[in-house]
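Subject: A structure for you to look at

Hello,

Here is the structure I promised to pass on. Please open it first, and then read my notes below with the model beside you.

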Amino acid sequence: MSPTPVTTGLPTQPASYSWEATDEEVAARYGVPLDEILRFDLNTSPAPPELVARVLAAGRFEAPLSEYPPTDYRRLVEAAAGVYGVATNELLVGAGADEILDLAGKTFLPAGGRAVVPAPTYAMYRVVTEQRGATAIAVPREGRDAGYRLDLAATRAAAAEADLVWLCSPNNPTALPEPDGAIETLLDGIRSDAAAAGRQAAMVVLDEAYAEFVGRSLIDLRLDQPNLVVVRTASKAYALAGLRVGFAIARPETIARMAPFRPPGSVSTVSVSVVTAALLDPAAMAANVARVDAERDRLSDALRAAGWSVGPSVTNFLLVDLGTVERAAATATGLLHRGLVPRTFPAGHPLAHCLRLTIRDRAGNDRLVAAAREIEKAAP
Ligand SMILES: Cc1ncc(COP(=O)(O)O)c(C=O)c1O
């Protein structure tokens, strides 16, 4: 059993997203003071950039807060287009990457359709697929020794009968990008198979939520791949998850297909103003990426020295392989007793023997290392 509550739908219902326990639940369940709880489950950052306080204190937003946000999010679109190097009609704003995934599902997945989900990956691809009344076709990724990379042949074969392919690079929760050239090869294969069969190529949604941490993006592929939508977010490297801002980037005609599904004003005026400022001044984002870079090796090495098998990562989180489901559950419980909340994987998940842990600041990471040492020392 998972040490924290997990919501699972009935088999007849679409999948729904499940979270770890809230701070309050962990405090009550494990007897830890609320202010000592530290979340390692959300792949977020320890603190927002200073510019947030500046923008909020100035109180000058895009529009008075009595009004709706600007309907076209114009300044945000212009700032994001500048950062990503695209035209403003190649970009769509959503309430986080999650809303963009939902819009992609609504646009490209008919009820009764099929979507390819290379597993393990971010849970929302299956959730969005099933909520559209479509079927998620899970294609296992290669194993741990192969860096959980895509099985290109199997993914391409599954795509030949699908409406949509969900890709994620760097992949959550396995923490690595696809090898150079792999996604390009897959996209070319999908398009040539479709042309040979005289059918529309499946749409490919490439989630690059963690791209800034690896310093690479495949946004430029949109130029010759009309079936590609790249997803980006302000939640991870920009450390602004609470503002809920994400982007779809694709050819103008693809953005034009998605835009009608966009709800009016789902991104708040405050979010528009702060994220615009963050995009226009990327120094804070760069500093956050540098923090993660500096802490990643230190934390990984210390956890390995404590006896954990920590996988390689280019992201702001680590995948720890505890070997068995039982040890993963016992380790999660040990962490929770110390107020540290890991991301667990439910029974039956291909990574049920693993935990995913966010890289926090030095002090937070030190608490994790101390806990790992104690847990391993006490282990039978
Ligand atoms: C791969 C991936 N995509 C999307 C999201 C959601 O991002 P957002 O906060 O922008 O909705 C996450 C969050 O953990 C993620 O890991």
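Let me start with the charges: the chain carries 37 positive and 44 negative side chains, and the centres of these two sets are 1 Å apart. Please keep in mind as you read that this is a predicted model.

**The chain as a whole**

You will find 13 helices and 12 strands in the chain. Along the principal axes, its C-alpha atoms fill a box of roughly 60 × 55 × 40 Å. The radius of gyration is 21 Å, which agrees with the value near 21 Å that a compact globule of 380 residues would have.

How much of the chain is buried? Of the 380 residues, 52% count as buried. The accessible surface comes to about 16200 Å², and carbon and sulfur atoms account for 55% of that. If you take the contacts between residues at least 6 apart in sequence, 71% of them join residues at least 24 apart.

**Two domains**

The domain assignment gives two entries. Domain 1 is made of two stretches, 23-49 and 284-375, while domain 2 runs over 61-280. The contact between them takes 26 residues from domain 1 and 21 residues from domain 2. Taken over C-alpha atoms, the centres of domain 1 and domain 2 are separated by 26 Å.

Just after α5 comes G133, with a positive phi of about 75°.

**Backbone points worth a look**

Most residues other than glycine have a negative phi, and most peptide bonds are trans.

- The peptide bond from A119 to P120 is cis, with omega near 5°. P120 sits in the loop between β3 and α5.
- N172 and P173 are also joined by a cis peptide bond, here with omega of about 15°. You can find P173 in the loop between β5 and α7 (182-197).
- N43 is not a glycine, yet its phi is positive, at about 55°. N43 belongs to the loop between β1 (38-39) and α2 (51-58), and with 1% relative accessibility it counts as buried.
- Y148 is another residue other than glycine with a positive phi, near 55°. Y148 lies in the loop between β4 and α6 (152-159), and it is buried, with a relative accessible area of 12%.

Next, some single residues and where they sit.

L38 is in strand β1. Is L38 buried or exposed? Its relative accessible area is 16%, and because buried means under 20%, L38 counts as buried. Leaving aside neighbours within four places in sequence, L38 is in contact with G339, L340, V341, R360, G364 and R367. By contrast, A15 is 23 residues from L38 along the chain, and the C-alpha atoms of the two are separated by 28 Å.

I249 is in strand β8, residues 246-249. I249 is buried, with a relative accessible area of 0%. Not counting residues up to four places away in sequence, I249 touches a list of residues that includes Y84, V86, E90, L91, I219 and R222. L228, V229, V230, R232 and I255 are also among the residues that I249 touches. T88 is 161 residues from I249 along the chain, and their C-alpha atoms are 9.5 Å apart.

A160 lies in the loop between α6 and β5. With 32% relative accessibility, A160 counts as partly exposed. In sequence A160 and T254 are 94 residues apart, and in space 20 Å separate them, C-alpha to C-alpha.

Best wishes

Technical notes: Residues are numbered from 1 along each chain as its sequence is written. This is a predicted model: local features need pLDDT of at least 70, side-chain atom pairs count only at pLDDT 80 or more; totals for chains, interfaces and linings use all residues. Side-chain values use heavy atoms; hydrogens and water are left out. Helices (H or I, at least four residues) and strands (E, at least two) are DSSP runs, numbered from the N terminus. The radius of gyration is taken over C-alpha atoms; the globule rule is 2.2 Å times the number of residues to the power 0.38. Buried means under 20% relative accessible area, exposed over 50%, partly exposed in between (1.4 Å probe, protein chains only). Contact means heavy atoms within 4.5 Å. Accessible areas come from the Shrake-Rupley method with a 1.4 Å probe; for residues, only the protein chains shown count as cover. Lys and Arg count as positive and Asp and Glu as negative; His and the chain ends are not counted. The place of a charge is taken as NZ of Lys, CZ of Arg, CG of Asp or CD of Glu. Domain bounds come from an automatic or database domain assignment.
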